[in-house]
Amino acid sequence: MKQQPLQSRLNGQLAGVDVDSVQESIANRMVLTVGKDDIMATTRDWFYATAFMTRDRLTERWMETMRSYYAADAKRVYYLSMEFLMGRALMNSLLNLSFDKECSQALQQYGVDLRQVREMETDAALGNGGLGRLAACFLDSMATLNLPGYGYGIRYEYGMFSQRMEAGRQVEHPDNWLRYGNPWEFPRPEVLYQVKFGGRVVQFADEQGVQRNHWVDTEDVMAMAYDTPIPGYATPTVNNMRLWAAKASRDFELKYFNEGNYIKAVEDKNESENLSKVLYPDDSTTMGRELRLKQQYFFVCASLQDILYRFSKFHKDFDALPDKVAIQLNDTHPSIAIPELMRILVDVNHLDWDRAWEITTRTFSYTNHTLMSEALETWPVAMFEQILPRHLQIIYEINHRFLKGVMHSFPGENELRRRMSIIGEEDGRRVRMAHLAIVGSHKVNGVAQIHTELMKQTIFADFDRYYPGKIINMTNGITPRRWLNQANPLLSALITSRIGGGWLKDLDQLRRLIPLAEDAQFREEFAVVKRANKQRFAAELKQSLGMEIGVDSLFDVQIKRIHEYKRQLLNVLHVVTLYERICASPHTDTVPRTVIFGGKAAPGYAMAKLIIKLINDVAEIVNNDVRIRGRLKLAFVPNYGVSLAESIIPAADLSEQISPAGTEASGTGNMKLALNGALMIGTLDGANIEIRNEVGEDNIFIFGLTTDGAARLRASGYRPADHYRANGELRRAIDMIATGYFSPEEPDRFKPIVDNLLTHGDHYLLLADYESYVARQREVEAVYRDQQQWLRKVILNVANMGKFSSDRTVLQYAQQIWQAKPVSR
């Protein structure tokens, strides 16, 4: 009997997205899946019924998409990332499938408000910041462009910690995002792969006399798949994100259980499943570092087995692998995939080394995200040998052959070989994962033009000399579907009313807004949208923090991970300066300003956490000083994440992108804020430079040292105390912090911060850039006073952001790195 495709049993009909069909589906899901009727249903129940209804429609398109990829024998792109900061999925899915209005109307028939329902969804915070959000944007763009793209990562049981403020200090709480379940995922208990750790390597000669390596006596963990459909916008394509959860190879030891030792009976199970328990365990301890290395290998090992299983369904010759598979390493975390693929090809499938190496290097490509040498990941050789002994042997062999090639190309340059070696000798022998990723990939990319040039001139200059043309640029981008259409529906509707909706898939169409900067009516409509967004955020802030802010004040926003190089401290110094000016001249006409911070500090990062405390202590004084009369407000908004960003970004007037030149690889917050109508004050760092080039120098506030200027200053012997003595406002601001003005109960509380600035070298050049920064802030205020001039600049910013769509970025990856083509249906 001829096998009948399952889809034909479903009559090939997709579930309807009209109001009646959606209403019926929600009712069915409420009763048959949630197990409630409308009398007992809570708002959360309505969310789950709506999510399952939406997932049904995604799943139909998902199945068709996967079949089309097999039918086309398409080359697939696999994006390996330790982080996927996806955010909420309901509105993203409804908007991408274009039935958000129908869904809202269907729920209204039951007396339910979609706006309340969507607030029930928990952020899937499986990432720390820009790295994970970039991965999420790329998945959206791959689906929108009809590219056969898959995301692979870890299904952390607890995501990025939930941040709360207690007495102005960050306190971390578990982010139990799965507490109520996840309606979007499909558990795949049948998709289970073995992952090995530890053990030893046995060498032997096979029947042909060829030396073989067998990895034995290992501790085994199982990786189980969870699939999540990722829809593109205005296309039937729905791609897949597959995340791995660790499962024990055995549930428990019956022997111990029968003896009554219940804790011992499940000990191995609990230890195994800790692998996928927490995003980024604290790596200040040896145990934490070991767990992090195990996490990296765990998801890479499972992903490669899965990729090769899919490849082997239709291809038996590994030589075809690079023609059918492209694997992108998002930072160094997944770079252990290179020796793992070599192990599979050489040890398991018995390919000779040279053939396996050619296949491997043609398959992998690597994205670098940092210029700071201290941030480049390395692992102690001893730890590597204990956890992944066979992989260390393979890395040694890769390194030996690589350095031999370097020696042949540059004979006598022994120092060059030492610098380029995958095994570093400084601070103990360590595996340099970035070097491994570069050597094992056919392309390496930076994420902004200046970042890529600095990669080639500084940290990876030797590699650029040895591999000319391997390091290329792929400037980051963001998806306009989430960061404008979803986050800012009022502005999205205004833009669409004037230029149509084509910009959602072709962001360059925003250029058609350029003439409208001179249209008084459009400026007025734009101002109404901005004010409405500010009112919405102000209401949310009052509800969450009990703080009232004036919507006519300039909303000055810095939202990003708390780190010294992000220079939140420079922003605080400016706030203190503004405060001191008002106190000194209470009757001065001042532009009202609300300074808004958001971001998390790593749990073990004491200085970053102290900066958060300083922000909150300054806010306590400034916000309650009767002399200020509301002209200056300071707010630290806790638990910053994707959903909070979607609220803050549309309300922002000023975007703070103030890292010292040459430190930020790209940044994407700068793009999101500019796209939503915030003017930038920033340095010539990361993608700020390209944003300036697009929007024009007159429509951005650039300050501070350039990369070359910073290098010259450091080389000449930077003395931050000279700037402290020479600038009265700077000196007074630092003195107020140093003498306990903002911490009277503990005057020395911020001594570590002051010491860092004045006696420990001011590594990130805050004092050197302070004067320029404060001067540009005066210009910001002058322009903001002239609202028509401000609005012209804002509109021109929005209109010139077309380059920064992740669609453009992903298309460049597909053409220049992956050699992958869309599959249309």
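Let's start with a word you'll need: two residues are in contact when they have heavy atoms within 4.5 Å of each other. Among contacts in this protein between residues at least 6 apart in sequence, 76% join residues at least 24 apart.

Before going on, here is what you're looking at. This is a predicted model, in which local features need pLDDT of at least 70 and side-chain atom pairs count only at pLDDT 80 or more, while totals for chains, interfaces and linings use all residues. Residues are numbered from 1 along each chain as its sequence is written, and side-chain values use heavy atoms, with hydrogens and water left out.

Now zoom out. The protein has 35 helices and 24 strands; these are DSSP runs numbered from the N terminus, with helices being H or I over at least four residues and strands being E over at least two. Its C-alpha trace spans about 90 × 75 × 65 Å along the principal axes. A compact globule of 825 residues would have a radius of gyration near 28 Å, and the protein has 28 Å, so the two agree. (That radius is taken over C-alpha atoms, and the globule rule is 2.2 Å times the number of residues to the power 0.38.)

How much of the protein is buried? Buried residues make up 59% of the 825. Here buried means under 20% relative accessible area, exposed means over 50%, and partly exposed is in between, using a 1.4 Å probe and protein chains only.

Next, pick out helix α31, residues 728–738. Its buried residues are Leu730, Ala733, Ile734, Met736 and Ile737. Seen down the axis of α31, they fall within an arc of 155°, so they line one face of the helix. The arc is that of the directions from the helix axis to the C-beta atoms. Why does spacing matter here? An α-helix has 3.6 residues a turn, so residues three or four places apart point the same way. The cover over the buried residues of α31 includes α24 (568–584), α25 (606–622) and α33 (766–785).

Loops can hold buried residues too. Leucine 388 sits in the loop between α15 (381–387) and α16 (389–409), and its relative accessible area is 0%, so leucine 388 is buried. Beyond its neighbours within four places in sequence, leucine 388 is in contact with Lys196, Phe197, Trp215, Tyr297 and Ile336.

Serine 805 lies in the loop between α34 (787–799) and α35 (806–818). Serine 805 is buried as well, at 3% relative accessible area. Leaving aside neighbours within four places in sequence, the contacts of serine 805 are Gly477, Ile478, Pro480 and Leu507.
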